[in-house]
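I opened the model to go through its strands, one of its helices and a few backbone angles. My notes follow in the order I looked things up.

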Amino acid sequence: MPPKKSSNLTKKTTDYISTDFPGVYYRESWKHMYQGRPEKTWVIRITIKGEIIKETVGKERNGVKLQDAVKRLGELMNGAPSKKALGEKALADLAAVNLLPTVQDFWDEHYKPHFSVMPKTKKDFPKQEARYSKHIKPVFGEKKLSEITAQDIDEFYRTSLIPKELAPQTQVHIMLILRRIFSHALDCELIEKDPCRRFKMPAIGDNRCLQWFRYEEMEKILRDLQNPTMLFQRVCHKNGVYDDLHDAVFLAVMTGMREGEIVALRWKDLKIESGVIWALDTKNKTTGFIPMPEQIKTLFLKRKKANASPGDLVFPAFKEKGYELSRFFAEALNKMGWNEGVGDRRQRYTFHSLRHTFISWQMIQTRGNIPVVQQLARHKTTAMTMRYTHVYQKAVAEAVNDMDAAFTLPKIETGKVVQIARPHATA
C-alpha cells in the first residue's frame with residue numbers, strides 16, 4: 001500500500017505523511033531536493049503508556065532510510081528512552097555541575113568549527129562573525145544558552161537593533177545568525193526549546209538604492225579623488241590605500257564589478273591581451289567574464305609591478321581589511337557633500353552606486369537593449385535588468401525636451417488659419 005500523499009504542495013515542507021508502518025511518518029521538503037525529488041525527513045509519532053512521543057529520526061541526505069525509522073520505533077516500543085528524555089537528563093547533569101555553555105562558549109566550541117567550513121556558509125562566515133562580535137556577543141555572550149528566553153530575543157531586537165538604525169536587511173542578517181545559533185544548539189541537544197522559533201523577522205520592503213552618477217558628475221568625483229588635500233587625511237596616511245581607492249572606483253564604474261569582486265581580484269584573473277576579466281565565485285555563484293575597456297587595460301598595465309605573481313591581489317591595500325573599500329568611498333563622498341542632508345538610506349550614494357551607474361550608462365548607450373545590458377550586468381534574471389529601463393525612458397524624454405527647446409515656432413494667432421507648405425513632389 002503506497003503512502004498517503006499530501007495535497008498541500010505549495011508549502012516548503014509538507015504535512016506528515018503516513019507509511020505502511022503505524023507510528024512512522026515522513027515530511028517532504030520542497031526547498032531541499034534529494035536525487036531529483038523533495039527530500040524526506042523520517043519522523044516517529046506514537047503514544048506509549050500515555051506519553052506522546054514525537055521524534056525526528058533523520059534526513060535522507062544523511063543516509064537515514066525507512067528501515068532506520070522502523071528500527072527506532074521498535075526500540076522505543078521496547079522501552080528505550082526518547083531523545084527528549086535523554087536530552088533532559090543530559091541538561092540536568094550539566095546544570096548540576098554548572099557546565100551549561102554560554103553563547104560565547106557555544107560559538108567557539110560548536111558553531112564556528114561547524115559553519116566556518118560548511119560549503120554553503122564558509123565564504124560568508126567572516127561577515128557572520130563580524131556581525132556576531134559587534135551586535136550579538138555584547139548582549140548574549142556571557143549568558144547561558146538555556147537561560148535565554150523568547151522575551152529576551154524580542155527585547156534584543158527592540159532595544160539593541162532598532163535604535164542603531166541599521167538597514168532592514170542587516171537586521172535580518174543578525175537575527176538569522178541568532179536563530180541559527182539556537183537551532184544548532186537544539187541539534188546538539190544543549191537546549192530543550194529554541195527561543196527564536198516564534199520570532200517574526202522584520203519586513204524588508206523595497207530597500208533598493210538605485211542612485212547613479214551622470215557622466216560629468218563621475219568625472220568630477222574621479223578628479224577629486226586624485227586631489228588628496230581636499231579629502232580625508234586618514235586615507236592618505238594609509239600605505240597604498242589612496243591610489244587603490246581611485247583605481248577601484250574607476251574599475252567599478254567602467255565594468256560594473258561589485259565590491260567583493262574587486263577586493264578579491266588577482267592578477268591571474270586578468271587576461272589583459274584578450275581584454276577579459278574572469279569573475280570567479282560571484283554573487284550569483286557563477287563564473288563568467290567581464291569585457292575590459294581600453295582605459296582599464298591601461299590602468300592594469302600601469303598598476304602591475306614587474307615582480308607581481310599571478311596569485312597577488314590587484315588591490316593589496318584592502319587585503320584583510322574586509323570591506324573597507326566601501327567605507328573609504330563613503331567617507332570621500334561625504335567630504336564632497338554628496339549625501340549631505342539625506343536621511344533615507346535608499347537615497348544615499350554608496351560604492352554600489354557605481355555599479356548602478358555602469359548599468360544605467362549601458363542602458364542609455366544600447367538604447368534600452370535588455371539582453372545586452374543583462375549580459376553586461378551579469379544579472380541572473382531579466383527582471384533585475386528591467387529595473388533600469390526608467391533610466392533609458394528618462395533619457396529619451398530629456399532628448400525630446402532638448403529638441404523642443406532648440407526650436408522656436410512662430411506664434412499662431414487664435415482663430416487664424418495657417419497654411420502649411422507641403423514639399424514638392426519629385427520625379
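Entry 1, hairpins. I began with β2 and β3, which form a hairpin with 2 residues between them. In that turn, Q35 has a positive phi of about 55°. This is a predicted model, in which local features need pLDDT of at least 70, side-chain atom pairs count only at pLDDT 80 or more, and totals for chains, interfaces and linings use all residues. Residues are numbered from 1 along each chain as its sequence is written, and side-chain values use heavy atoms, with hydrogens and water left out. For my own reference, helices (H or I, at least four residues) and strands (E, at least two) are DSSP runs, numbered from the N terminus.

I then looked up the pairing: β2 (residues 24-34) and β3 (residues 37-48) run antiparallel and are joined by 8 bridges. Two strands count as paired if DSSP finds at least two bridges between them. M33 has P38 in β3 as its bridge partner.

β1 and β2 also form a hairpin, with 5 residues between them. G23 in this turn has a positive phi of about 100°. Strand β1 (residues 17-18) pairs with β2 in the antiparallel sense over 2 bridges, and I17 has Y26 as its bridge partner in β2.

Entry 2, the sheet. In what order do the 4 strands of the open sheet stand? I read the order as β1-β2-β3-β4, with antiparallel pairing. β1 and β4 (51-59) each have a single partner strand, so one side of each is left without a neighbour in the sheet. Between β3 and β4 I found 8 bridges, and R45 is bridged to K54 in β4.

Helix α1 (residues 66-77) lies across β2, β3 and β4 and runs at about 15° to β3. Axes here are lines fitted to C-alpha atoms, for helices over the stretch in contact (heavy atoms within 4.5 Å). Angles run from 0 to 180 degrees between N-to-C directions.

Which residues of α12 are buried? I listed L325, F328, F329, A332, L333 and M336. They cover an arc of only 135° around the axis, which puts them on the same side of α12; the arc is that of the directions from the helix axis to the C-beta atoms. The face turned away from the buried side carries the exposed residues R327 and K335. Buried means under 20% relative accessible area, exposed over 50%, partly exposed in between (1.4 Å probe, protein chains only).

N334, also in α12, is partly exposed at 41% relative accessibility. Leaving aside neighbours within four places in sequence, N334 is in contact with N339 and R348. I also noted that N334 and Y349 are 15 residues apart in sequence and 9.2 Å apart in space, C-alpha to C-alpha. Just after α12, G337 takes a positive phi of about 90°.

Most residues other than glycine have a negative phi. R367, not a glycine, has a positive phi of about 60°. R367 sits in the loop between α13 (353-365) and α14 (370-377) and is exposed, at 67% relative accessible area. R378 likewise has a positive phi of about 60° without being a glycine. I placed R378 in the loop between α14 and α15 (382-386). Is R378 buried or exposed? At 14% relative accessibility, R378 counts as buried.
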